[in-house]
Amino acid sequence: MKLKQLESFLGDVDTFEAPKILLEQYPTRPHIAACMLHTIHTRYDDIEAKVVADFGCGCGVLSIGANLLGAGIVFGLDVNSEALSISRRNCEQLEIDNVDLIQADITQPSHWLTTKVDTVIMNPPFGTKHNKGIDMTFLRSAVNLAETSVYSLHKTSTRNHIKKKADEWNVEIEIIAQLRFDLEATYKFHKQKSVDIEVDFIRFTHKNKR
């Protein structure tokens with residue numbers, strides 16, 4: 001599937017009706033989601049026929065995109081039941097049948113998945129307004145679960161901290177791209193219609209599995 005076609009499909013995914021600030025429920029824009037997934041698929045071959053987990057799946061845009069690119073199965077995990085309901089509705093409307101949606105708290109030790117997965121994809125909460133450090137909690141859980149690779153978005157301003165943590169975890173990182181995340185006004189405290197946040201699109205791999 002070509003990039004523009006994938007972006008068009010993802011543009012039909014419904015987003016949050018009443019986003020929750022405590023969970024930092026910002027939807028991943030179709031263009032960014034499509035670019036992420038298309039790169040993972042074409043450059044690294046980490047989606048087609050793979051077992052993929054989408055951490056903090058929200059409305060399901062990354063899960064659905066991975067399915068459209070031929071993932072063997074996708075596990076969409078989110079702590080919020082309302083978000084999972086939107087994801088479920090999106091899957092039904094787009095006739096997606098191999099996304100398994102699971103209510104789970106990524107930040108808590110749990111057995112929400114009983115097996116390893118090949119690839120983890122995620123747009124984790126940045127932890128800047130609430131829940132400081134939650135981005136690294138998501139990342140640590142993802143690294144522990146993924147057999148092959150983790151693909152994630154993180155604020156560019158945290159790059160050095162992420163590099164330090166990755167080295168502690170014996171994980172190699174590759175900055176695939178630096179993007180501008182166009183964040184639309186979502187909550188009452190937002191004063192501007194939109195703001196661009198500089199984010200890194202990063203690939204994480206275990207050093208002993210490269």
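Q: Is Cys57 buried or exposed?
A: The relative accessible area of Cys57 is 6%. Buried means under 20%, exposed over 50% and partly exposed in between, with a 1.4 Å probe and protein chains only. This is a predicted model, in which local features need pLDDT of at least 70, side-chain atom pairs count only at pLDDT 80 or more, and totals for chains, interfaces and linings use all residues. Cys57 is therefore buried.

Q: How many disulfides does the rule count?
A: A disulfide is taken as a pair of cysteine sulfur atoms within 2.5 Å. Side-chain values use heavy atoms, with hydrogens and water left out, and residues are numbered from 1 along each chain as its sequence is written. The count comes to zero.

Q: Which cysteine sulfur is nearest to that of Cys57?
A: Cys57 is in no disulfide. The nearest cysteine sulfur lies 8.6 Å away and belongs to Cys91.

Q: How far is the sulfur of Cys59 from the closest cysteine sulfur?
A: Cys59 also counts as buried, at 7% relative accessibility. Its closest cysteine sulfur is in Cys57, too far for a bond. The distance is 8.6 Å.

Q: What span does helix 2 reach from its first C-alpha to its last?
A: Helices are DSSP runs (H or I, at least four residues), numbered from the N terminus. Helix 2 covers residues 30–44, 15 residues in total.

Q: Which residue follows helix 2?
A: Buried residues of helix 2 include Ile32, Leu37 and Tyr44. The residue after the helix has a positive phi, near 55 degrees. This residue is Asp45.

Definitions and conventions:
Helices (H or I, at least four residues) and strands (E, at least two) are DSSP runs, numbered from the N terminus. The expected span of a helix is 1.5 Å times one less than its number of residues.
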